Amino acid sequence: GRDVVRNGYLPERSVTTVVGDIEVEVPRIRARDGEPINFASKLIPPYLRRSKSIDAWVAYAYLKGISEGDMARVLEVVLGEGAKKLTPNVVSSLKAKWRTEFDEWKKQDLNKFTFSYIYVDGIYQKIRGDNPKLCVLVVIGVDDQGKKHLLTLEDGTRESTQSWHEVLVDLKSRGMNEPALAIGDGALGFWSALSEIYPTTKHQRCWLHKTGNVLNYLPKSLHSKVKGSIREIWMSPTRDDAKAAIRTFETKYGAKYPKAVNCLTKDTDAL
């Protein structure tokens, strides 16, 4: 009673994978009534010549400084003879494809979401050999259902007000609502830009960054214990309990490590 039946295989073709070249035959089907029918395997899509993991290898190698001309030679250790197919033209085509996908992703409409709060950070990443570190400005939004969304990745001039201003203007133009709260580190550039673009959004300093800053003033032997004390602060059920936990922190470490205590207490309200 099936409408379609197996009808042999399509011509055999070679697919490059992380375990080398594999010869595959994709099944072919036909309709019982003789009408034309289109079938595309999800495992082996039409025209597939290499697995997605190969593209990931190429991207990683390129970011680590391997040139287009050296790609095949370097990846031959991992991919074997199949690496010879990764010609400079192939790598160049992949780069163009990634750029197109990235540009399309950055234009996604945000009107259909309501974001309750956003996390922001500037991440310094060293890529392409001796090039200076690139500052990537990242915004992650959490919607009213509690789901996280990566909203944007943008290269900036450090974490300047102008760079963050451009990022927020772009998000607003794509339909991002004014979130109730924004969480970030102590970089002043973001907070200045936020006050201009989303003036009613409340500011909160990130406890993860602050914990790292405090630990910089303490010996490693105390890190585990101090992390526990800091966790008691931000996990407190009420503001009064949090302030009491801060006073306890001051009592424990103030005499011997005043810089660590000051690093925490000077930003109490923002935290």
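Where is the place of Lys-202? I looked it up in this predicted model and found Lys-202 in strand S9, residues 202–205.

I checked Lys-202 for cover: its relative accessibility is 60%, so I put it down as exposed, the cut-off being over 50%.

**Salt bridges.** I then turned to charge pairs. Side chains of opposite charge can pair when their charged atoms come close. I found ten salt bridges listed for the structure.

I looked at Asp-70 and Arg-73, whose side chains meet in a salt bridge at 3.5 Å, N to O. Asp-70 is partly exposed at 31% relative accessibility, and Arg-73 is exposed at 56%.

I looked next at Arg-99 and Asp-103, which form a salt bridge at 3.4 Å, N to O. Both lie in helix H3, residues 88–105, and because they are four residues apart, about one helical turn separates them. Asp-103 counts as partly exposed, with 31% relative accessibility.

**Arg-205 and Asp-267.** I recorded a salt bridge between Asp-267 and Arg-205, with the closest N and O atoms 3.3 Å apart. Arg-205 is in strand S9 and Asp-267 in the segment after helix H9 (258–265), so this pair ties together parts that are 62 residues apart in sequence. Are these two residues buried or exposed? I have both Asp-267 and Arg-205 down as buried. I also noted that a network of salt bridges links Arg-205, Lys-210, Lys-266 and Asp-267.

Note on methods
Residues are numbered from 1 along each chain as its sequence is written. This is a predicted model: local features need pLDDT of at least 70, side-chain atom pairs count only at pLDDT 80 or more; totals for chains, interfaces and linings use all residues. Side-chain values use heavy atoms; hydrogens and water are left out. Helices (H or I, at least four residues) and strands (E, at least two) are DSSP runs, numbered from the N terminus. Buried means under 20% relative accessible area, exposed over 50%, partly exposed in between (1.4 Å probe, protein chains only). A salt bridge is a side-chain nitrogen of Lys or Arg within 4 Å of a carboxyl oxygen of Asp or Glu.
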